[in-house]
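Visitor: I would like to learn how to read aromatic pairs. Can you walk me through a case?

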Amino acid sequence: SLIMYGLFTAPGVDHEGNGNVDTFVMAGGTFKVKHSNPVGPQTSNSKTCLFTESGHGTYTISGGTGKYKGISGHGKYTLTILDIQPKTKSGACNENAAPTAYQQVVDAVGPVTRP
């Protein structure tokens, strides 16, 4: 799920696509967000299985439909991810399994135009 605010305020859902292009879906329309891979440190605690990532990158907005038709924009983002990985029967962190808890916060800043 996502919450956008600034030029407009709307709840929505981020559908992660192939590569680095996501589709943001809100009531009344959608748009694409192309983003760079985040650059920044990652850590993993082998005792608690807590994974953290802090990163930054750039993004571009395009491909709007419905009430977002013609939307455009670009800018920079920061990213923070926390997740807890499940443990195997032997007590090791299972990095290949779905996390037991996951939180991602993205703060994107830059000009956006919407006709």
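Guide: Start with the layout. The chain has zero helices and nine strands. Helices (H or I, at least four residues) and strands (E, at least two) are DSSP runs, numbered from the N terminus. This is a predicted model: local features need pLDDT of at least 70, side-chain atom pairs count only at pLDDT 80 or more, and totals for chains, interfaces and linings use all residues. Residues are numbered from 1 along each chain as its sequence is written, and side-chain values use heavy atoms, with hydrogens and water left out.

Visitor: How is a pair of aromatic rings described?

Guide: By the distance of the centres and the angle of the planes. Rings of Phe, Tyr and Trp (its six-membered ring) pair if their centres lie within 6.5 Å; planes under 30 degrees apart are stacked, over 60 edge-to-face, the rest tilted. A search of the whole structure gives three aromatic pairs. Take Phe-8 and Tyr-68: the centres are 5.2 Å apart and the planes at 55°, so this pair is tilted.

Visitor: Which parts does the pair tie together?

Guide: Phe-8 lies in the loop between strand 1 (2-4) and strand 2 (10-16), and Tyr-68 in the loop between strand 6 (50-62) and strand 7 (72-84), so the pair ties together parts 60 residues apart in sequence.

Visitor: Is Phe-8 buried or exposed?

Guide: Phe-8 is buried, and so is Tyr-68. Buried means under 20% relative accessible area, exposed over 50%, partly exposed in between (1.4 Å probe, protein chains only).

Visitor: Which residues do ring pairs link into a cluster?

Guide: Phe-8, Phe-24, Phe-31 and Tyr-68.
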